[in-house]
Amino acid sequence: MAREGNSNRKKGAHYEQLAADYLERQGFQILQRNFHSRFGEIDLIASEGKYLVFVEVKYRVSDSGGHPLEAVDIRKQRRIGKTADVYCLRHGFGEGTPCRFDVVGIIGDEVIHIPDAFGR
C-alpha cells in the first residue's frame, strides 16, 4: 500500500511539474508548490501580473472516465478557497490582493488551462 501512495505522489509531482512548466512559459512566476493547511492543499501558487493565482492540477490518461476539470467540484473549490485564505494570511497578502483560482487539466499530453475557473 505504501508503494502505491508513493507512486501516486511521484505521478502527481510529475504532472504538477508539467503544469508549472506550462504556466512559466505563459509568463507566470511559480511562488510555491504543494501548500498545505488544515483545510487542504493547493498544488501551485503563482503570480501573473497583478494576480496571485492558486492553481489546481488534475490529470487523466484519457477523458473516458470524465474530464479532469470536472474533478474540481464545489467541495474541492471551498477547500482550496479556505487554504488560499490561510496562505494569504501567513504570507502577508491583504484583502485587497487580487486573487484568482485557475485549473490546469492534463489529458495524456494535452494541457488545458482554465484561468479564473471558479470564485470564492
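Biologist: Which residue in E3 is the bridge partner of glutamate 48?
Modeller: Tyrosine 51 is the bridge partner of glutamate 48. Keep in mind that this is a predicted model.

Biologist: How many bridges join E2 to E3, and do they run parallel or antiparallel?
Modeller: Five bridges join them, and the two strands run antiparallel. E2 covers residues 40–48 and E3 covers residues 51–60.

Biologist: What is the strand order in the sheet?
Modeller: The order is E1-E2-E3-E4-E5, in an open sheet of five strands with mixed pairing.

Biologist: Which strands stand at the edges?
Modeller: Strand E1 (29–37) and strand E5 (110–118) do. Each has a single partner strand, so one side of each is left without a neighbour in the sheet.

Biologist: And what does the twist average?
Modeller: From one strand to the next, the twist averages 30°.

Biologist: Which helix lies across E1, E2, E3, E4 and E5?
Modeller: That is H2, residues 74–90.

Biologist: Switching to backbone angles. What is phi of asparagine 34?
Modeller: Phi of asparagine 34 is near 50°, a positive value in a residue other than glycine. Asparagine 34 is in strand E1.

Biologist: How exposed is asparagine 34?
Modeller: Asparagine 34 is partly exposed, at a relative accessible area of 30%.

Biologist: What about aspartate 116: where is it found?
Modeller: Aspartate 116 is in strand E5. It is not a glycine either, and its phi is positive, about 50°.

Biologist: Buried or exposed, aspartate 116?
Modeller: Exposed, because its relative accessibility is 52% and the cut-off for exposed is over 50%.

Biologist: Which lining residues are the closest to its centre?
Modeller: Gly12, Glu16, Asp43, Val57 and Lys58, of the 15 residues that line the largest pocket.

Biologist: Which elements supply at least two residues of that lining?
Modeller: Helix H1 (2–25), E2 and E3 each do. H1 gives the most, with seven residues.

Biologist: How many of the lining residues are nonpolar, polar and charged?
Modeller: The lining of the largest pocket has eight charged, four nonpolar and three polar residues.

Biologist: Thanks, that covers my list.

Conventions
Residues are numbered from 1 along each chain as its sequence is written. This is a predicted model: local features need pLDDT of at least 70, side-chain atom pairs count only at pLDDT 80 or more; totals for chains, interfaces and linings use all residues. Side-chain values use heavy atoms; hydrogens and water are left out. Two strands pair if DSSP finds at least two bridges between them. Helices (H or I, at least four residues) and strands (E, at least two) are DSSP runs, numbered from the N terminus. Axes are lines fitted to C-alpha atoms, for helices over the stretch in contact, and angles run from 0 to 180 degrees between N-to-C directions. Contact means heavy atoms within 4.5 Å. On a 1 Å grid over the protein atoms alone, a cavity is a set of points where a 1.4 Å probe fits but cannot get out, and a pocket is an open set with protein on both sides within 12 Å along at least five of seven lines; lining residues have an atom within 4 Å of a point. Ala, Val, Leu, Ile, Met, Phe, Trp, Tyr, Cys and Pro count as nonpolar, Asp, Glu, Lys and Arg as charged, and the others, Gly among them, as polar. Buried means under 20% relative accessible area, exposed over 50%, partly exposed in between (1.4 Å probe, protein chains only).
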